[in-house]
Amino acid sequence: MALDVVAGAAVDDLRTTLSGDVLVPDDPPYDEARALFNGMIDRRPALIVQCATPADVAEALRFGRRLGLRIAVRGGGHGVAGKALVDGGLVIDLRPMHDVTVDPEARTARVGGGATMGHLDRAAEPYDLATTGGRVSTTGVGGFLLGGGTGWLDRKFGLASDNLLSVDLVTADGERLTASEDEHPELFWALHGGGGNFGVATSFTLRLHPLPVVTVMLLLWGPERGPEVVRTYRDLMETAPDDVCGGVIYLTAPPEPFVPDGLVDRLACGVLVVYTGREAAAREAAAPLLGLRPEGRMIAEMSNADLECLLDDPPGYRNYWSAEHLDALPDEAVDRYCARADDMLVPSPTQHALFPQGGAAGRSTADHPLPWRHARWAVHPFCLWEDPADDERSRRWARAVREDVRPWASGAVYLNFIGEEGKDRVVAGLGEDNHRRLAEVKARYDPENVFRLNHNIEPATFGS
């Protein structure tokens, strides 16, 4: 369907039926509305429907399908592959639907499909409540949750999806339904990791937990101390209580007051300790790391909402991400991980991350399609840079990180951590048996694969 046809009378009719806005390329807000977190993505939809209600979503779906347009769904727009946009197609933009309602007595939150983690965290903050979010405040709740959801608090409270109580969904044919343990239970199972394959999630109900304060430590050393620091951190996490979360991050040291001048804008080995409690207990838990005399240190009590903002990724950079999940982290793996940091693009916002798993997230016996949750570690090369001339260098570095640690890899992968890496990686992210089961759910709720701009699960085909 040509842009000029879509932008004509049919769009005018659509506008009259919606509570939200409809943008076409000539509209002044269009370019801002199509901007994504990943600055490498430059796609021009035929129209962007900024939905204000679930009824808007259903009408936009019917409109797009009637005209044969490809349909993309945008929550936060944080996904690295840029699947929230589609050239020449229709974007269902959920961002106006970002309201969060907290019930402090029930300890639940009802979260709009376009909300970010920042919206959720700030709404829960006055009640000293929280749930597992991501690692930055700008992540969209929807894509994060539907992919499983690992973050700073998952060792304490489980994965984000472990705290999912229900999902309001608009299916490909425009039907509005609620999925929970009691309603559409097979669909509810699929929404714990199967992503946006089954419909447009317009709201979520989540379990919240008491969390009045967290203690955050950002400890920095020169890169030459890396192997010693990482081994110490690894050994600490082998026996750490669930209250201790965080990770190792090689990064460009920022120009902050706690960072020595000699480290600023240079490669540093950092450890972020997140402790779900007061500073005195956090210092005791992190004593082996503090004993290594970090060159830079920031230690503070804060709210979970402030924690989520601490390392917000700057938007607009060029991005490439990948990951491997590891069953073990022996000394050889530590050495390879640390050595690869020397090839990072510095200075840049790139991060070379190593996250411990386990705790409440690893103990879960739920049969959700999240096989990566049982790995002990996750290595996450997270590349952000400005100059297109550095594209190949950054991609090559991320792939080399994966290759270095592959001898200890579990084979599973958290799909929210990767971009477009082929069908085999999608299957690895879900598990083969789970993938077959998910394909059957897909066949029931989206048999024509309308929702295919994602880590796609094709609908199962059954014999006649």
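In this predicted model, the accessible surface of the chain comes to about 18100 Å², and carbon and sulfur atoms account for 47% of that area.

As for overall dimensions, the C-alpha atoms fill a box of roughly 70 × 50 × 50 Å along the principal axes. The radius of gyration is 22 Å, which agrees with the value near 23 Å for a compact globule, because that is what the rule gives for 464 residues. The chain contains 17 helices and 19 strands, and of the contacts between residues at least 6 apart in sequence, 72% join residues at least 24 apart.

Helix α4, residues 54–66, has 13 residues and reaches 18 Å from its first C-alpha to its last, close to the expected 18 Å. Its buried residues are D56, V57, A58, A60, L61, F63 and G64, and these pack against α2 (9–17) as well as against the strands β2 (47–50), β3 (71–74), β4 (90–93), β8 (164–170) and β10 (200–207). After α4 comes G68, whose phi is positive, near 70°.

Helix α9, residues 226–239, has 14 residues and reaches 21 Å between its first and last C-alpha atoms, close to the 20 Å expected. Within α9, the buried residues are G226, V229, V230, T232, Y233, R234, L236 and M237. An α-helix has 3.6 residues a turn, so residues three or four places apart point the same way.

Technical notes: Residues numbered from 1 in each chain as written. Predicted model: local features only at pLDDT ≥ 70, side-chain atom pairs only at ≥ 80, totals over all residues. Heavy atoms only, no water. Helix = DSSP H or I, 4+ residues; strand = E, 2+ residues; numbered from the N terminus. Expected span 1.5 Å × (residues − 1). Buried < 20%, exposed > 50% of the residue type's maximum accessible area, 1.4 Å probe, protein only. Rg over C-alpha atoms; globule rule 2.2 N^0.38 Å. Contact = heavy atoms within 4.5 Å. Areas by Shrake-Rupley, 256 points an atom, 1.4 Å probe, with all protein chains shown as cover.
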